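Subject: Handover of a protein structure

Dear colleague,

Please find below the structure that I am handing over to you. The findings follow directly after it, and I would be grateful if you read them with the structure open.

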Amino acid sequence: MPLELVDDCRLALGEGVVWDGPNRRLYWIGIEDRQVRWLDQDQDRVGVLELGTRPGTLAPYRDGKVLLAVEDGFALLDTGSGALETVAEVETDRPGRRMNDGKVDPYGRMVAGTMESAEPRAPGPLYRLEYDRDGTPRVLTLREGMLIPNGLDWPEPDLLWHIDSPTRRIELYAYPEHGPLAEPVRALDVSDLGGDPDGMTLDAEGNLWVAFWGGSAVRCLSPEGKLLETVELPTSRVTSCAFGGPGLDTLYVTTAGGRGPRADPGVDPGAGSLFRYRGLATGRPAQAWSGPTTPGDPGH
């Protein structure tokens with residue numbers, strides 16, 4: 001089937017698409033737009049919440065709640081009421097930075113990095129949100145030196161693919177259950193492909209589906225780096241992708257550059273909108289955030 005336009009939302013910076021399988025809901029965000037959006041599969045309607053902060057990524061939780069990485073840390077959002085509750089603060093002493101892309105690891109913990117909002121970009125860490133035995137949240141630094149931390153996914157619980165976009169490399173790390181990352185064990189150089197690697201997801205076979213900012217495409221790569229498939233988009237700034245739908249056989253893709261619903265569609269048709277393509281491959285279920293470890297913490 002051809003590429004389909006799902007939501008002509010024309011976000012300035014659409015990102016963070018993820019499928020919440022148990023609730024049959026697709027989430028995505030507008031970072032500069034300060035929005036969380038979702039598509040309910042059963043009702044075929046789009047919901048929108050306006051935020052007072054810029055979200056960098058999102059993970060399903062439960063009972064209509066999602067965990068956000070926002071400008072100054074992690075926060076729990078109730079999509080029913082719109083209530084936003086701080087879980088843990090990050091880099092409150094470093095103005096001009098915000099959290100960016102992230103995902104929940106195989107153990108149910110959120111991983112996300114931070115970046116400068118403007119040039120020049122000072123490097124920053126990749127973080128993981130954890131809980132002490134007494135239920136106190138803490139944020140662990142996994143690795144320093146990231147400029148624009150973006151797509152990530154785990155082919156196995158002890159391995160992590162991660163993208164720092166300006167390097168134009170996709171690096172594979174050993175991922176310990178506890179403690180920081182070591183040096184990468186493998187790197188795929190994608191500098192010969194158009195655009196910079198941005199968001200990423202894995203399919204059931206372990207292949208990498210990578211959104212290319214400035215490349216007008218999502219590209220599928222084997223774990224060895226062979227180009228297997230190219231999905232072309234009608235707009236340049238392709239930001240993230242995820243498999244969704246009941247059979248996890250639909251690739252959803254976010255884009256950027258729309259500048260709101262009144263933007264001129266002739267400038268870059270489809271910019272900032274949500275697209276899908278059916279039947280390319282089958283994905284893996286998204287890991288939901290496990291939440292606090294002690295009853296009575298935020299979300300319980």
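For the count of charges, Lys and Arg are taken as positive and Asp and Glu as negative, while His and the chain ends are left out. On that basis the protein carries 30 positive and 47 negative side chains, and the centres of these two sets lie 1 Å apart. Please note that this is a predicted model.

Overall form

The protein contains 24 strands and 0 helices. Its C-alpha trace extends over about 50 × 45 × 40 Å along the principal axes. A compact globule of 300 residues would have a radius of gyration near 19 Å, and the value for the protein, 18 Å, agrees with this. Of the 300 residues, 55% are buried. The accessible surface amounts to about 12,400 Å², and carbon and sulfur atoms account for 46% of it. Among contacts with a separation of 6 or more, 48% are between residues 24 or more positions apart.

Two hairpins

Strand β4 (residues 35–40) runs antiparallel to strand β5 (residues 45–50), and 6 bridges join them. Within this pairing, Q35 has E50 of β5 as its bridge partner. The hairpin has 4 residues between the strands, and D44 adopts a positive phi near 50 degrees there.

Strand β10 (residues 97–104) has 7 buried residues out of 8, so the rest of the structure largely encloses this strand. It is joined to strand β11 (residues 110–116) by 6 bridges, and the two run antiparallel. R97 stands opposite E116 of β11. In this hairpin 5 residues lie between the strands, and G108 has a positive phi near 90 degrees.

Where is A122 found? A122 belongs to the loop between β11 and β12 (124–131). Is A122 buried, partly exposed or exposed? Its relative accessible area is 29%; buried means under 20% and exposed over 50%, so A122 is partly exposed.

Leaving aside residues up to four places away in sequence, A122 touches R94, R97, E116, M146 and L147. A122 and G145 are 23 residues apart in sequence, and their C-alpha atoms are 8.4 Å apart in space.

Yours sincerely,
A colleague

Key:
Residues numbered from 1 in each chain as written. Predicted model: local features only at pLDDT ≥ 70, side-chain atom pairs only at ≥ 80, totals over all residues. Heavy atoms only, no water. Rg over C-alpha atoms; globule rule 2.2 N^0.38 Å. Buried < 20%, exposed > 50% of the residue type's maximum accessible area, 1.4 Å probe, protein only. Contact = heavy atoms within 4.5 Å. Areas by Shrake-Rupley, 256 points an atom, 1.4 Å probe, with all protein chains shown as cover. Charge placed at Lys NZ, Arg CZ, Asp CG, Glu CD. Pairing = 2+ DSSP bridges.
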